[in-house]
Amino acid sequence: MVFVQIREAKEGDCGNILRLIQELAEFEKLSDQVKISEEALRADGFGENPLYHCLVAESLPDTGEPQGPCVVGYGLYYFIYSTWKGRNIYLEDIYIKPEYRGQGIGSKIIKKVAEIALNKGCSQFRLSVLDWNTRAIDLYKALGAQDLTETEGWHSFRFEGEVLKKLAGK
């Protein structure tokens, strides 16, 4: 078993985060949708008013091993607001490299986001998952998450591209 620490991402982690975002998109069979760049990640997450925050899971080598620490997963989150409940935290992505799954790393990231949520006064921790990703769904339920599609019937929508421009009158 590898020792993994969960820490706040640093600006220098953006290249690794982008690679993991691309791996996640491939896993989700949506790799054609990744348009973000390392520069955009850097500007949006590490400027004066960051739009997101990120945790990385970093494997630490045993003493005497030649390679240094390696980023093997991430959780990207940001704060949102509920008109019913106030402050919320939203976990946009959580991804662990396949060879590191099953070691509790995802749970560690989720627990750290929950800790951050409470420290920031959030009443809810939200995330989404594709309906076919049963391993993730089972994990979230095992950790106590409510499936809002089942319990409340919520559907998620988005506007993008030309539709967004048309909607905005541009």
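Modeller: Helix H3, residues 105-119, lies across S1, S2, S3, S4 and S5. H3 runs at about 160° to S4. Keep in mind that this is a predicted model. Helix H1 lies across S2, S3 and S4. Its direction is about 80° to S3.

Now the sheet itself. It is an open sheet of 5 strands, in the order S1-S2-S3-S4-S5, and the pairing is mixed. The edge strands are S1 (3-8) and S5 (124-127), and each pairs on one side only. From one strand to the next, the twist averages 25°. Strands of a sheet pair through backbone hydrogen bonds, and the pairing can be parallel or antiparallel.

Take the pairs in turn. S2 (residues 53-60) and S3 (residues 70-82) are antiparallel, with 7 bridges. Look at Cys 54 here: its bridge partner in S3 is Leu 76. S3 and S4 are also paired in the antiparallel sense, over 10 bridges. Along this pair, Gly 73 stands opposite Ile 96 in S4. S3 and S4 form a hairpin, with 3 residues between them. S4 and S5 pair in the parallel sense over 4 bridges. To get from S4 to S5 the chain passes through H3, and this β-α-β crossover is right-handed.

Stay with S4. Of its 11 residues, 9 are buried, so S4 is largely enclosed by the rest of the structure. Asn 88 belongs to strand S4, which spans residues 86-96. Is Asn 88 buried or exposed? Its relative accessible area is 1%. Buried means under 20%, so Asn 88 is buried. Its side chain reaches the backbone oxygen of Gly 86 at 3.0 Å. In S5, the bridge partner of Asn 88 is Gln 124. Leaving out residues up to four places away in sequence, Asn 88 touches Tyr 78, Phe 79, Ile 80 and Ser 82, and also Cys 122, Ser 123, Gln 124 and Arg 126.

Next, a residue from a helix. Ile 17 sits in helix H1, residues 14-27. Its relative accessibility is 0%, so Ile 17 counts as buried. Which residues does Ile 17 touch, not counting those up to four places away in sequence? They are Ala 9, Leu 41, Cys 54, Val 56 and Tyr 74. Ile 17 and Glu 38 are 21 residues apart in sequence. In space, they are 8.3 Å apart, C-alpha to C-alpha.

Last, the cysteines. A disulfide is a covalent bond between the sulfur atoms of two cysteines. How many disulfides are there? The count comes to 0. Cys 70 is in no disulfide, and the nearest cysteine sulfur, that of Cys 54, is 15 Å away. Cys 70 has 34% relative accessibility, so this residue counts as partly exposed. The cut-off for a disulfide is within 2.5 Å. Cys 122 has 8% relative accessibility, so Cys 122 counts as buried. Cys 122 is also among the residues that Asn 88 touches.

How values were computed
Residues are numbered from 1 along each chain as its sequence is written. This is a predicted model: local features need pLDDT of at least 70, side-chain atom pairs count only at pLDDT 80 or more; totals for chains, interfaces and linings use all residues. Side-chain values use heavy atoms; hydrogens and water are left out. Helices (H or I, at least four residues) and strands (E, at least two) are DSSP runs, numbered from the N terminus. Buried means under 20% relative accessible area, exposed over 50%, partly exposed in between (1.4 Å probe, protein chains only). A polar contact is a pair of N or O atoms within 3.5 Å; within protein, one must be able to donate a hydrogen and the other to accept it, and residues adjacent in sequence count only if both atoms are side-chain atoms. Contact means heavy atoms within 4.5 Å. Two strands pair if DSSP finds at least two bridges between them. Axes are lines fitted to C-alpha atoms, for helices over the stretch in contact, and angles run from 0 to 180 degrees between N-to-C directions. A crossover is right-handed if, with the strands pointing away from the viewer, the path from the first strand over the helix to the second runs clockwise.
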